[in-house]
Amino acid sequence: MKESALLACDSGGEKSRTFANRAWEVLGFGTHYTWLFCVVFGTVIYSGAPSPTISAWSRPLFMAGLAIAYTFMFLIRSTRFADIARNRNAIMVAGGMESLATILLVAAIAYSSIPIIAIAACLAGMSNAFIMIAGNIVWSRIRSERVMIHLTAGALMAGALYFLLNALHPLAACTIVCALPLMGTIILAGTRNAKQRPPSFRRVDPTSGKAPTRLLLFMICVSFAWGAALGALYAWDFAGQATGGAACMMLGALAASILAFTIAVRVTPTHMLKRFSQAGTFALVAGIVLALIVPREYYAVACAFATLGFVLLDLFLWYLNADLVSRSGRSPLDVLARACATEWLAALAGYLAAGYTVQASEQGIQAATIILFAFCALLLAFAQSFVFTSIEALQLIDVQEPDHHDSLEDACSSLAEEHSLSARESEVMLYLAYGRSVPYIQDKLTLSQSTVKTHVRNIYRKLGVDGKQSLIDLVEDVSEQRANRK
């Protein structure tokens, strides 16, 4: 058996195989994230607006459409609706509706029709929410290493594609943006069913304690602060005051995507969570503080830092929610819809608050925006210190040992004796049986990565399995056989 096949399910092999065999999942998420960047952050579809007023109204209307859509899905959550979200034909229909709604949005902007913009925003928001929940269902079935790569690589592709679209002719760029939702759903509908995670990954109850409430409060603080930063940028642009432009702000999103992808490739999921939370909060706070001190013509630099932090925290929350769905067994509608509804409602509130304070500043009340950003900075500092820390995030998804821990240990001991595994190989095999990755085993056993990989190769060769999932299946079969004989 080839060495690459033997290591297909360790950390490095897992990530390599993600690129080789599941690139469409990365591309599918990337297309929808690009669409979101263009509609909420960007200027591509607003280039045909006959007046700045239309652009100023379109973004909050779209954010409201997303908030309404996720709130509606959370309120009507049911098993039947979740089953529909798993249906490939329904996903395709949702993608077509989202593309049509985007075309309607572009046309309404060009013809300055606020009511049609509102209708298009609601239709696009409902379709996008449905597709994102369907994607969350896909991610909840696969391992943490793959989810990391899917989310961060998709975000990296979205950041790069955004700038590519801005370099094209506006008509060509708008055409591509309108086609992105349908392209993404074709990719998502073609996704193969992944194997379930090992049972030991499904041992968390996110309803216990105050963690879920703290998580929602943290999301409110983060989203409100970012909404305020974004709202001030476009409000000052609307007032005719140069702020450095939206392109500078989007550099922050691209930088966040590059940083997130680098972290995801190099560290374990738990370390990634901690770094996303800390780096994201720091960047968002830095952006808000810069907004207080930099001249207005350089405000986009502050907004770039705020956007960098928000994208990192958004990926942090997406990953956390996907992991909670998998480990708790709860419906994605229950976990994701509530989280996203909270996120967009808070962002909309921050956006509108910034618009009103900028307007007040233009009318002579100069302290209005200073008070808003000072409030946001204090809110974020409080959220990171007391509401929901990275430590609490790790505790929320901390893997608890399953009830059949002893039986799996016995099965591993039996297999190790039968196949003449060394003591260290036996120890490594037990971690593999619980679905642990190479970096995790490396940290726990204080070994080098090459040493762990050598042990993994030897274990696979001696047991005659082709990867970690096959080893897990073998150990569980032996465990069940031993239990039946008792």
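These legends accompany close-up views of a predicted model.

**View A. The largest cavity and its lining.**
The whole structure holds four cavities of 30 Å³ or more. By class, 13 lining residues are nonpolar, one is polar and two are charged.

**View B. Helices around the largest cavity.**
Which elements give two or more residues to the lining of the largest cavity? They are α3 (23–41), α4 (52–75), α7 (114–140), α13 (299–328) and α14 (332–362). Helix α3 gives the most, with five residues.

**View C. Ala 134 in helix α7.**
Ala 134 sits in helix α7, one of the elements that give two or more residues to the lining of the largest cavity. Is Ala 134 buried or exposed? Its relative accessible area is 3%, under the 20% cut-off, so Ala 134 is buried. Thr 185 lies 51 residues from Ala 134 in sequence. In space, the C-alpha atoms of Ala 134 and Thr 185 are 9.7 Å apart.

The loop between α6 (88–110) and α7 contains Ser 112. Most residues other than glycine have a negative phi. Ser 112 is not a glycine, yet its phi is positive, at about 55 degrees. Ser 112 counts as partly exposed because its relative accessibility is 35%, between the cut-offs of 20% and 50%.

Ser 420 belongs to the loop between α17 (405–418) and α18. What is the phi of Ser 420? The value is near 60 degrees, which is positive in a residue other than glycine. Ser 420 has a relative accessible area of 54%, over the 50% cut-off, and is therefore exposed.

**View F. Helices α18 and α19.**
Helix α18 covers residues 423–433, and helix α19 covers residues 438–445. The two helices pack with their axes 10 Å apart. The angle between α18 and α19 is about 130 degrees. Angles over 145 degrees count as roughly antiparallel and 65 to 115 as roughly perpendicular, so α18 and α19 are oblique to each other. Their crossing is right-handed.

**View G. Helices α12 and α15.**
Helix α12 spans residues 269–293. Helix α15 spans residues 367–387. The axes of α12 and α15 are 9 Å apart, at an angle of about 160 degrees. That angle is over 145 degrees, so α12 is roughly antiparallel to α15. The crossing of α12 and α15 is left-handed.

**View H. His 271 and Tyr 440.**
His 271 lies in helix α12. With a relative accessibility of 37%, His 271 counts as partly exposed. How many residues separate His 271 and Tyr 440 along the chain? They are 169 residues apart. Their C-alpha atoms are separated by 9.8 Å.

Notes: Residues are numbered from 1 along each chain as its sequence is written. This is a predicted model: local features need pLDDT of at least 70, side-chain atom pairs count only at pLDDT 80 or more; totals for chains, interfaces and linings use all residues. Side-chain values use heavy atoms; hydrogens and water are left out. On a 1 Å grid over the protein atoms alone, a cavity is a set of points where a 1.4 Å probe fits but cannot get out, and a pocket is an open set with protein on both sides within 12 Å along at least five of seven lines; lining residues have an atom within 4 Å of a point. Grid points are joined across faces, edges and corners, and a volume is the space filled by probe spheres set on the points. Helices (H or I, at least four residues) and strands (E, at least two) are DSSP runs, numbered from the N terminus. Ala, Val, Leu, Ile, Met, Phe, Trp, Tyr, Cys and Pro count as nonpolar, Asp, Glu, Lys and Arg as charged, and the others, Gly among them, as polar. Buried means under 20% relative accessible area, exposed over 50%, partly exposed in between (1.4 Å probe, protein chains only). Axes are lines fitted to C-alpha atoms, for helices over the stretch in contact, and angles run from 0 to 180 degrees between N-to-C directions. Angles under 35 degrees count as roughly parallel, over 145 as roughly antiparallel, 65 to 115 as roughly perpendicular and the rest as oblique. A crossing is left-handed if the near helix is turned anticlockwise from the far one by less than a right angle, and right-handed if clockwise.
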